[in-house]
Amino acid sequence: MGKSFRLPNGYGSIYKLSGNRRRPYAVAKTFGWDEKGKQLKKIIGYATTKKEGLEMLLEYNKDPYDIDHKKITVDYVYNLTIEKIQKMVDDEKMSKSNCNRFKSVYKNHCQTVAKRNIMDLTYKEMQDTLDNCPFAQTTKGYIKTLYIKMFEYAKLELGIKLDLDFPNKLETGKRTKSDMHKSFSESDFDKVWNLYQSMPENDLEVVLIMLYTGLRPQELIDIETSNINISEDYMIGGCKTEAGKNRIIPVHRKIKSFIQKRMNQKYLIMINDRKATYDDISQLWKKIMNKLEFDYLPYDARHTMATRLDDYKITHPNSLIDDLTIKLIMGHAITDITQKVYTHRQAKYLVEAINLLY
């Protein structure tokens, strides 16, 4: 043990460690004595200078905390937080898709801070994880919300002294035009098919499934093949709203073969023999859009389907595609009482309707 600096009794101590260290000053506090009268010390932290060590002691004595909390990592708090979130899913207080998004953003965007002690986690470190995320504001919002939930758990459940306003100050960035949904033009839609015909591959099939179903990315990856009736051309799935949950999703004739070839796996979309994640879909989508030199976002597939249905309804006013059909296919809420009476429209009707689109 190196040279110690004398401070008032009970205040704590600072001593310099031997060797060439980046932070050579140990800052300690006495918490009792053993049976031989020897002091029992716990390390508060390490400092680069004596002055910095004194500031650490001053801060500690001003607002003492459990020093053992310094050993608790972000990863430890995350695992406890996600257990609590999973229980909320089990109690139907949170959707499974939201839980999966939290798991995904932590795995893919928070690993740089995973081993940090949560008490020492800085604003810059957290903000860097958001700034380095290559995805849109929605994903960054999930990262921020996860930090908020982790801080709440650490303070309220573990008693760690943390400022709950700290993660609330994180910036997810302003919504830009690139975040706003837009529909594929007819020529761009055709270019996707042209690329597939010249270079058929699984990733392109996923993009086309999204364009012909209007499924949200999370809805797509949650579909199990046990919920697909391929002989009658429809799937059961959907999430987010009551109207959208467990709805009939008609399968267009042009994507039936893509779905049929995947019927021997548990989930419709799997990557490397595992269920795909939201980030898998985002990366896959980005790769295909780069090949086509497009700037569409994954949610634009849903917007495209809604636009195509609406355009068909306008140009073919007496067809099967009317307001009610569009709401049923897209999973939108039906507020009109008269329309609710007719929501018994069967899968066969919706399949016939979707196949009116080219």
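Does Lys191 count as buried, exposed or partly exposed, and at what relative accessibility? At 42% relative accessibility, Lys191 counts as partly exposed. Here buried means under 20% relative accessible area, exposed means over 50%, and partly exposed lies in between, with a 1.4 Å probe and protein chains only.

1. Basis of the model. This is a predicted model, in which local features need pLDDT of at least 70 and side-chain atom pairs count only at pLDDT 80 or more, while totals for chains, interfaces and linings use all residues. Residues are numbered from 1 along each chain as its sequence is written, and side-chain values use heavy atoms, with hydrogens and water left out.

2. Overall make-up. The protein has 358 residues, and buried residues make up 45% of them. Its secondary structure comes to 14 helices and 9 strands. These elements are DSSP runs numbered from the N terminus: helices are H or I runs of at least four residues, and strands are E runs of at least two. The accessible surface is about 19600 Å², and carbon and sulfur atoms account for 50% of it. Such areas come from the Shrake-Rupley method with a 1.4 Å probe, and for residues only the protein chains shown count as cover.

3. Contacts along the chain. A contact means heavy atoms within 4.5 Å. Among contacts between residues at least 6 apart in sequence, 61% join residues at least 24 apart.

4. The largest core. A nonpolar core is a set of buried Ala, Val, Leu, Ile, Met, Phe, Trp, Tyr and Cys residues joined through side-chain atoms within 4.5 Å. In soluble globular proteins, nonpolar side chains tend to be buried together. The largest core in this model has 38 residues, and those with the most contacts inside it are Phe184, Val192, Leu208, Leu220, Met235, Ile259 and Met289. Two or more residues each come from helix H6 (186-198), helix H7 (202-213), helix H8 (217-222), helix H9 (256-260) and helix H10 (278-292). H7 gives the largest share, 8 residues.

5. Which residues does Val192 touch, leaving aside its neighbours within four places in sequence? Val192 is in contact with Phe184, Leu204, Val207, Leu208, Leu211, Leu292 and Phe294. A second, separate core has 32 residues, including Ile85, Cys133, Phe135 and Tyr147.

6. Cysteines. A disulfide is a covalent bond between the sulfur atoms of two cysteines. The rule used here asks for a pair of cysteine sulfur atoms within 2.5 Å, and by this rule the count is 0. The closest cysteine sulfur to that of Cys133 is in Cys110, at 9.1 Å, which is too far for a bond. Cys133 is buried, at 4% relative accessibility. Cys99 is also buried, with a relative accessible area of 1%.

7. A salt bridge is a side-chain nitrogen of Lys or Arg within 4 Å of a carboxyl oxygen of Asp or Glu, and the structure holds 19 of them. One of them joins the side chains of Asp295 and Lys182 (2.7 Å, N to O). Asp295 lies in the loop between H10 and helix H11 (299-315), and Lys182 in the loop between helix H5 (137-156) and H6, so the pair ties together parts that are 113 residues apart in sequence. Asp295 is exposed, at 53% relative accessible area, whereas Lys182 is partly exposed, at 34%.

8. Lys191 and Asp188 meet through their side chains in a salt bridge (3.9 Å, N to O). They are 3 residues apart in helix H6, so about one helical turn separates them. Asp188 is buried, at 14% relative accessibility.

9. The side chains of Arg262 and Glu205 form a salt bridge (2.9 Å, N to O). Arg262 is in the loop between H9 and strand S8 (270-271) and Glu205 is in helix H7, so the pair ties together parts that are 57 residues apart in sequence. Both Arg262 and Glu205 are buried. Elsewhere, salt bridges that share partners join Glu201, Asp203, Lys287 and Lys291 into one network.

10. Helix H12. Of the 8 residues of helix H12 (residues 323-330), 6 are buried, so H12 is largely enclosed by the rest of the structure. The buried ones are Leu324, Thr325, Ile326, Leu328, Ile329 and Met330.

11. Thr139. Thr139 sits in helix H5 and is buried, at 4% relative accessibility. Leaving aside its neighbours within four places in sequence, Thr139 is in contact with Arg101, Val105, His109, Cys133 and Tyr278.
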